[in-house]
Every structure is written in structure tokens, then in C-alpha cells.
Amino acid sequence: MHVSILTFEGFNELDSFIALGILNRMKDKGWRISIASPSKQVTSMNGVVIESHLSLPEACQTDAILIGSGIRTREVIKDASIMSQLAVDPNRQLLGAQCSGSLLLAQLGLLESSPVSSDLTTRPWLLDKGIDVLDQPIYADKNVASAGGCMASQYLAAWVIARLDGIEAAEQALHYVAPVGEKEAYVARAMSWIEPCLNG
């Protein structure tokens, strides 16, 4: 399996890096996790500079795509040179968005009749587009998922693992990263949100 994490200029480190870390728990099973960006290097909202692994067109060929958020997402969705590269297909791949990343799902026409989970900052922009925003950390409709709040990126990553390799694998990945002393409760709470989303 190959999963790409779309990471744009001004990205939120928690969205991209938490998902990257959790999904890489699957590398022993041959999974490949890649950061994909419009340019070779991108700088986070807090000044962290990283190099991407994939271009956006290359990312669109992966088995699953997660779209991170950032402080410049509204600029991204207005940039035709970026949006024209995003030839995604929910019939053949999993698609997930974190916080303002859901604006890209909307711009791509993937939320026409579906509510989303998103952060409080992005909520007004989605409501202006006529999209219902749910008060929950993750929501999925078949192959399209959304998560709200930076730390909900763990749920999005686990959703991808559960969909592509099963619930047990997702639980194991979450158990590894969960704080000591609360691992079982942490996993149970997360899976109580994730399992209802496994309807693909």
C-alpha cells in the first residue's frame, strides 16, 4: 500500500507528522508513506522546512491520500495550477482531509451531499459553502473521510489502516503511540469513533 499526505506551504506539522508516524507503523507490511507537495520544499506554519517525496500528480496515483491543513489552505483552493493537479478518485482510493484540508474536498466536488468533521476555525467557511459540519473528531462516507482538530489526525491515520488492513492493525498502531498508563482506554476511545466510519 502507498499512502500520500498532501502537505502545502504553511502546513500544520501535527496533521502531516502525526499521520506520517502512525501510518509508518505499517512499513513492516510493505506500506510506503510519502509527503506530497506542489514544490520540492515546503515550510510549515512554524517555520519547519521539509522536502517532499512526491509531486501532486504522483500522489494522485497512491492507494490513499490524506490532505493536511495549514494557514494558507484558502490560497491553495484558489490556485488553479495546484488544484488542476489533483485528479483524485474516491472510487479507487481512500481520501481523507484534516481540518482546513476539507476545503480541498469541497473544492474538488467531493462533499456535495456529505457532512464533514473539521476544526472550529474552518467551520464558518464550510458552512458558507452549505456544508454541514459535525461535532465529532472523524466522519466518513464510504471512501471519503474528514477529521477535525489537530490531534484527530490519529483517527484519520487509523481509519486508513483499518480500511486497508483491518481493525486489529489499526488498534496496534494506536496502542504503540498511546501514552503509557492509558493505552487500552486511549485505543478504545479512538476506535469508538473510527469503527462507525468503516462503511466503505
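## Strands 1 and 2

Let's start with strand 2 (residues 32–36), which is mostly covered, with four of its five residues buried. Keep in mind that this is a predicted model. Strand 2 pairs with strand 1 (residues 2–6) in the parallel sense, over five bridges. One spot to look at is serine 4, whose bridge partner in strand 2 is serine 34.

To get from strand 1 to strand 2, the chain passes through helix 1 (residues 13–23), and this β-α-β crossover is right-handed.

## The nonpolar cores

The largest nonpolar core holds 38 residues. Ile5, Leu23, Trp31, Trp159, Val160, Ile161 and Ile194 have the most contacts inside it. Helix 7 (residues 153–165) gives the most to this core, putting in eight residues. There's also a second, separate core of 26 residues, and Leu95, Leu104, Leu105 and Leu111 are among them.

Now for tryptophan 159. Setting aside its neighbours within four places in sequence, tryptophan 159 is in contact with a list of residues that includes Leu94, Leu95, Ile138, Val144, Ile194 and Leu198. Lys142 and Asn143 are on that contact list too.

## Rings

Searching the whole structure turns up one aromatic pair. Phenylalanine 11 and phenylalanine 17 make up this edge-to-face pair, at 5.7 Å centre to centre with 75 degrees between the planes. Phenylalanine 11 is buried, at a relative accessible area of 0%, while phenylalanine 17 is partly exposed, at 31%.

Technical notes. Residues are numbered from 1 along each chain as its sequence is written. This is a predicted model: local features need pLDDT of at least 70, side-chain atom pairs count only at pLDDT 80 or more; totals for chains, interfaces and linings use all residues. Side-chain values use heavy atoms; hydrogens and water are left out. Rings of Phe, Tyr and Trp (its six-membered ring) pair if their centres lie within 6.5 Å; planes under 30 degrees apart count as stacked, over 60 as edge-to-face and the rest as tilted. Buried means under 20% relative accessible area, exposed over 50%, partly exposed in between (1.4 Å probe, protein chains only). Helices (H or I, at least four residues) and strands (E, at least two) are DSSP runs, numbered from the N terminus. Two strands pair if DSSP finds at least two bridges between them. A crossover is right-handed if, with the strands pointing away from the viewer, the path from the first strand over the helix to the second runs clockwise. A nonpolar core is a set of buried Ala, Val, Leu, Ile, Met, Phe, Trp, Tyr and Cys residues joined through side-chain atoms within 4.5 Å. Contact means heavy atoms within 4.5 Å.
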